[in-house]
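Please examine the sequence and the model first.

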Amino acid sequence: MLLTLAGTCAALLILLPFLPWYAADLPGGTVRVSGIGASGELWIVPPMGVAALAGAMFAVRFRRSLAAALTVALAGGLAAGWSLRNAAVIPVRAVVEQAGGTAVVEAQVTLEPAAPLAVVAGALTALAGGLIALRVWMTP
């Protein structure tokens with residue numbers, strides 16, 4: 001069950017940064033931007049999801065692999081931390097390009113559901129990986 005949770009959440013970590021993370025209501029309508037497209041800082045999350053997924057698949061193949069379980073935990077923790085950093089302090093602002101030049105518009109940038117879901121998926125991946133590692137370490 002823990003391996004299924006780790007694998008599912010790791011797969012979410014691969015997908016979620018490409019979904020809309022930020023939205024702003026501008027005079028022309030609502031603009032939604034993906035996590036990777038908006039700040040460029042979330043490029044690290046999908047590779048961490050791949051590492052966690054690979055660790056989970058390796059742990060399925062070799063049940064006693066402490067290294068695989070720790071890989072899942074570490075990758076999930078890094079993805080959760082980086083996602084939390086970009087969800088807690090929104091690193092984007094609304095910029096409108098007009099014929100006269102570029103203008104920064106005072107618009108409230110809000111989070112879309114993919115942002116907190118990525119934080120939760122990373123935390124659950126780290127937790128599952130840690131519990132798998134603990135189980136491997138404690139079993140004689």
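Predicted model: local features only at pLDDT ≥ 70, side-chain atom pairs only at ≥ 80, totals over all residues.

Student: Are helices H3 and H4 roughly parallel or roughly antiparallel?

Tutor: Helices and strands are DSSP runs numbered from the N terminus, a helix (H or I) having at least four residues and a strand (E) at least two. Axes are lines fitted to C-alpha atoms, for helices over the stretch in contact, and angles run from 0 to 180 degrees between N-to-C directions. The axes of H3 (residues 45–61) and H4 (residues 66–88) come within 8 Å and cross at roughly 160 degrees. Angles under 35 degrees count as roughly parallel, over 145 as roughly antiparallel, 65 to 115 as roughly perpendicular and the rest as oblique, so H3 and H4 are roughly antiparallel.

Student: How many nonpolar residues does the contact of H3 with H4 hold?

Tutor: Contact means heavy atoms within 4.5 Å, and the H3 residues that meet H4 include Val45, Met48 and Phe58, while those of H4 include Leu78 and Trp82. Ala, Val, Leu, Ile, Met, Phe, Trp, Tyr, Cys and Pro count as nonpolar, Asp, Glu, Lys and Arg as charged, and the others, Gly among them, as polar. The contact of H3 with H4 has no charged residues and three polar ones, and its nonpolar residues number 13.

Student: Is Val72 buried or exposed?

Tutor: Val72 is part of helix H4. Buried means under 20% relative accessible area, exposed over 50%, and partly exposed in between (1.4 Å probe, protein chains only). Because its relative accessibility is 1%, Val72 counts as buried.

Student: How far apart in space are the C-alpha atoms of Ala51 and Val72?

Tutor: Ala51 belongs to helix H3 and, at 27% relative accessibility, counts as partly exposed. Beyond its neighbours within four places in sequence, Ala51 is in contact with Thr71 and Ala75. Although Ala51 and Val72 are 21 residues apart in sequence, their C-alpha atoms are separated in space by 7.0 Å.

Student: What is the handedness of the crossing of H4 and H5?

Tutor: H4 and H5 pack at an angle of about 160 degrees, their axes being 7 Å apart, and they are therefore roughly antiparallel to each other. Their contact comprises 17 nonpolar, seven polar and no charged residues. A crossing is left-handed if the near helix is turned anticlockwise from the far one by less than a right angle, and right-handed if clockwise. The crossing of H4 and H5 is left-handed.

Student: How many charged residues does the contact of H1 with H5 have?

Tutor: The axes of H1 (residues 2–15) and H5 come within 8 Å and cross at roughly 150 degrees. Among the H1 residues that meet H5 are Leu2, Ala6 and Cys9, and the H5 residues include Ile132 and Arg135. By class, the contact of H1 with H5 has 14 nonpolar residues, two polar and, as charged residues, one.

Student: Which residue forms a salt bridge with Arg32?

Tutor: A salt bridge is a side-chain nitrogen of Lys or Arg within 4 Å of a carboxyl oxygen of Asp or Glu, and the structure holds two salt bridges. In the one that involves Arg32, the closest N and O atoms are 3.3 Å apart, and the partner is Glu112.

Student: What is the N to O distance in the salt bridge of Glu41 and Arg85?

Tutor: Glu41 is partly exposed, with a relative accessible area of 24%, and Arg85 is also partly exposed, at 43%. The side chains of Glu41 and Arg85 meet in a salt bridge with an N to O distance of 2.4 Å.

Definitions and conventions
Residues numbered from 1 in each chain as written. Heavy atoms only, no water.
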